[in-house]
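Please consult the sequence and the structure while reading.

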Amino acid sequence: MQGRARLLQLGKGLIAFAGAACLASSSVTYANKFERLNCPPVMVTQVDKAAHVGWLVYSNQPLRLTGSDIEYAVDGHLEATLDPDGEKQLNDDQLSVSSIFRIANHRSKGPFSLVCRYGVHAQLSRTIPRHIKECIVIRHGRFAEVEFEVSCH
């Protein structure tokens with residue numbers, strides 16, 4: 001009887017541990033989603049040919065991230081671009097350059113928006129939440145078309 005009670009107690013402990021682990025992992029996932037803001041690497045993967053009946057699609061390549069800016073309003077309507085607080089050459093095969101924007105150091109200029117550019121005419125823009133402290137933009141220069149990565153946390 002004592003062995004059975006011990007097994008039951010051990011089983012309850014394992015269930016409690018598993019439940020706590022599930023809660024912890026879901027809160028970590030939620031926290032990570034809440035804390036980060038990233039430019040999507042691809043906006044559109046293909047042109048919707050049905051939307052352009054009768055037109056020949058010249059290029060159907062994915063619309064990839066080709067640049068990014070941190071912007072803010074001046075005089076309520078003009079948009080200005082924040083300069084990076086620092087840049088460094090990364091020692092990788094892709095000739096990458098990392099630019100850091102310390103948003104927390106420029107709060108008096110805010111609110112800020114993260115602008116993600118895709119080619120010449122397409123862009124996504126989103127207000128940067130106040131809990132974001134910095135953004136890192138990495139420019140990979142070795143590719144035929146320059147590629148970017150953007151992460152704000």
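D69 stands opposite V115, a residue of strand 8. Strands here are DSSP runs of E with at least two residues, numbered from the N terminus. The model is predicted, so local features need pLDDT of at least 70, side-chain atom pairs count only at pLDDT 80 or more, and totals for chains, interfaces and linings use all residues. Residues are numbered from 1 along each chain as its sequence is written, and side-chain values use heavy atoms, with hydrogens and water left out.

Strand 4 (residues 67-74) and strand 8 run antiparallel and are joined by six bridges; two strands pair if DSSP finds at least two bridges between them. Strand 8 is also joined to strand 9 (residues 122-127) by six bridges, again antiparallel. Y118 has A122 in strand 9 as its bridge partner. Three residues lie between the strands of this hairpin, where G119 takes a positive phi near 75°.

## Burial of strand 8

Five of the seven residues of strand 8 (residues 112-118) are buried, so the strand is largely enclosed by the rest of the structure. Buried means under 20% relative accessible area, exposed over 50%, and partly exposed in between (1.4 Å probe, protein chains only). C116 is buried, at 4%.

## Disulfides

The whole structure contains two disulfides, each a pair of cysteine sulfur atoms within 2.5 Å. One joins C39 to C116. C39 lies in the loop between strand 1 (37-38) and strand 2 (42-44) and C116 in strand 8, so this pair ties together parts 77 residues apart in sequence.

The sulfur atoms of C135 and C152 are 2.0 Å apart in a disulfide. C135 belongs to strand 10 (residues 135-140) and C152 to strand 11 (residues 147-152), so this link ties together parts 17 residues apart in sequence.

Conventions
Helices (H or I, at least four residues) and strands (E, at least two) are DSSP runs, numbered from the N terminus.
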